[in-house]
Amino acid sequence: NILTTLMLLTTLLGYTQINLLKNEAAIQALSKRATDLFKEGRISETFFELRKYWPLTTQEIARIEGQSTTHFTAMRQRLGRTIRSLKIKEEKILDVAVRETYFIQFEYTAIRLQFTYYHNAEGWLLHTFVWNDSFTEEFE
């Protein structure tokens, strides 16, 4: 019993307090803010904003943030100068899920950021955040 209690307590302590977004306007504001931070290369600040609404452990978020920082830093030189960011798509599954897709346009290529939100009985939370330099599926 003590071992089970300690394991449960350790697991619970690994999660941050999750806030919920109240509506789709709040979703749009978070995606835009995160995209603008990412565009400026402020990766840690991007994840600081997202983690408030993302039900992952602090360790999982730290791992994803570290990988993102490493990859973005490695890519930065081949991207060229930053031109702009723009929202290119919003997809909805009724009132259950929303996915917003943004481009950050650079001199030599663009990167795509996707934010997927899930609506539970109390509000919206971030389900998935991914970014990459592959955007061929956007032509489909």
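Trainee: Leaving aside its neighbours within four places in sequence, which residues is S85 in contact with?

Mentor: The model is predicted, with local features requiring pLDDT of at least 70 and side-chain atom pairs pLDDT 80 or more, while totals for chains, interfaces and linings use all residues. Residues are numbered from 1 along each chain as its sequence is written, and side-chain values use heavy atoms, without hydrogens and water. Contact means heavy atoms within 4.5 Å. With those neighbours set aside, S85 touches K32, T35, D36, K39, F103 and I104.

Trainee: Which side chain forms a polar contact with that of S85?

Mentor: A polar contact is a pair of N or O atoms within 3.5 Å; within protein, one must be able to donate a hydrogen and the other to accept it, and residues adjacent in sequence count only if both atoms are side-chain atoms. Here the side chain of D36 is the partner, at 3.4 Å.

Trainee: Is S85 buried or exposed?

Mentor: Buried means under 20% relative accessible area, exposed over 50%, and partly exposed in between (1.4 Å probe, protein chains only). S85 has 16% relative accessibility and therefore counts as buried.

Trainee: In which strand is S85 found, and what is its bridge partner in β2?

Mentor: Strands of a sheet pair through backbone hydrogen bonds, either parallel or antiparallel. Strands here are DSSP runs of E, at least two residues, numbered from the N terminus, and two strands pair if DSSP finds at least two bridges between them. S85 belongs to β1, and its bridge partner in β2 is I104. β1 and β2 (residues 97–106) are antiparallel, with ten bridges.

How values were computed. Helix = DSSP H or I, 4+ residues; strand = E, 2+ residues; numbered from the N terminus.
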